[in-house]
Amino acid sequence: MKGYPKHIASKQDFINLLADKEYRERAIADLRIIAEADDDKAMRTISINEETGEEVTEEIDNPMPLWKVKGFKSRKEVAELIAAQEG
């Protein structure tokens, strides 16, 4: 790998970056973004009025928050990984 990756796809990617002293602080900062993301809720479009283009939406629990997309079991697991690196 040359340089810090533009996209970090998984939990294992973060673990690998944390093991490298050069990228550790930046990886911790990216983990904080995941831990603090306000993505517990999402908007779902129910219908769109064809004449006016107005959308009818509803707020739902987000089935794929960022921590889940990256492969963590919970937001708490992200926080624990950050704490382990700082401690």
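A: First a term. Helices (H or I, at least four residues) and strands (E, at least two) are DSSP runs, numbered from the N terminus.

Q: OK, what pattern does the protein chain follow along the sequence?
A: Read in order, the pattern is α-α-β-β-α-α. The chain has four helices and two strands.

Q: Where does the model come from, and how are things numbered?
A: This is a predicted model: local features need pLDDT of at least 70, side-chain atom pairs count only at pLDDT 80 or more, and totals for chains, interfaces and linings use all residues. Residues are numbered from 1 along each chain as its sequence is written, and side-chain values use heavy atoms, with hydrogens and water left out.

Q: What is the radius of gyration of the protein chain?
A: The protein chain has 17 Å, while a compact globule of 87 residues would be near 12 Å. The radius is taken over C-alpha atoms, and the globule rule is 2.2 Å times the number of residues to the power 0.38.

Q: And what box do the C-alpha atoms fill?
A: Along the principal axes, roughly 55 × 30 × 15 Å.

Q: How much of the chain is buried?
A: Of the 87 residues, 25% count as buried. Buried means under 20% relative accessible area, exposed over 50%, and partly exposed in between (1.4 Å probe, protein chains only).

Q: New topic: how many aromatic pairs are there?
A: The structure holds two. In one of them, the rings of Phe-14 and Phe-72 have centres 6.3 Å apart and planes at 45°, so this pair is tilted. Rings of Phe, Tyr and Trp (its six-membered ring) pair if their centres lie within 6.5 Å; planes under 30 degrees apart count as stacked, over 60 as edge-to-face and the rest as tilted.

Q: Which parts does the Phe-14 and Phe-72 pair tie together?
A: Phe-14 lies in helix H1 (residues 11-19). Phe-72 is in the loop between helix H3 (66-69) and helix H4 (75-86). So the pair links parts that are 58 residues apart in sequence.

Q: Are Phe-14 and Phe-72 buried or exposed?
A: Phe-14 is buried, at 1% relative accessible area. Phe-72 is buried too, at 4%.

Q: Now the strands. Where is Thr-57 found?
A: Thr-57 is in strand E2 (residues 55-61). Its relative accessibility is 37%, so Thr-57 counts as partly exposed.

Q: What is Thr-57 in contact with?
A: Contact means heavy atoms within 4.5 Å. Leaving aside neighbours within four places in sequence, Thr-57 is in contact with Met-43, Arg-44, Thr-45 and Ile-46. Thr-57 and Thr-45 are 12 residues apart in sequence, yet 4.3 Å apart from C-alpha to C-alpha.

Q: And which strand holds Lys-41?
A: Strand E1 (residues 41-48). Lys-41 is partly exposed, with a relative accessible area of 46%.

Q: What does Lys-41 contact?
A: Beyond its neighbours within four places in sequence, Lys-41 is in contact with Glu-59, Ile-60, Asp-61 and Asn-62. The C-alpha atoms of Lys-41 and Asp-61 are separated by 4.6 Å.
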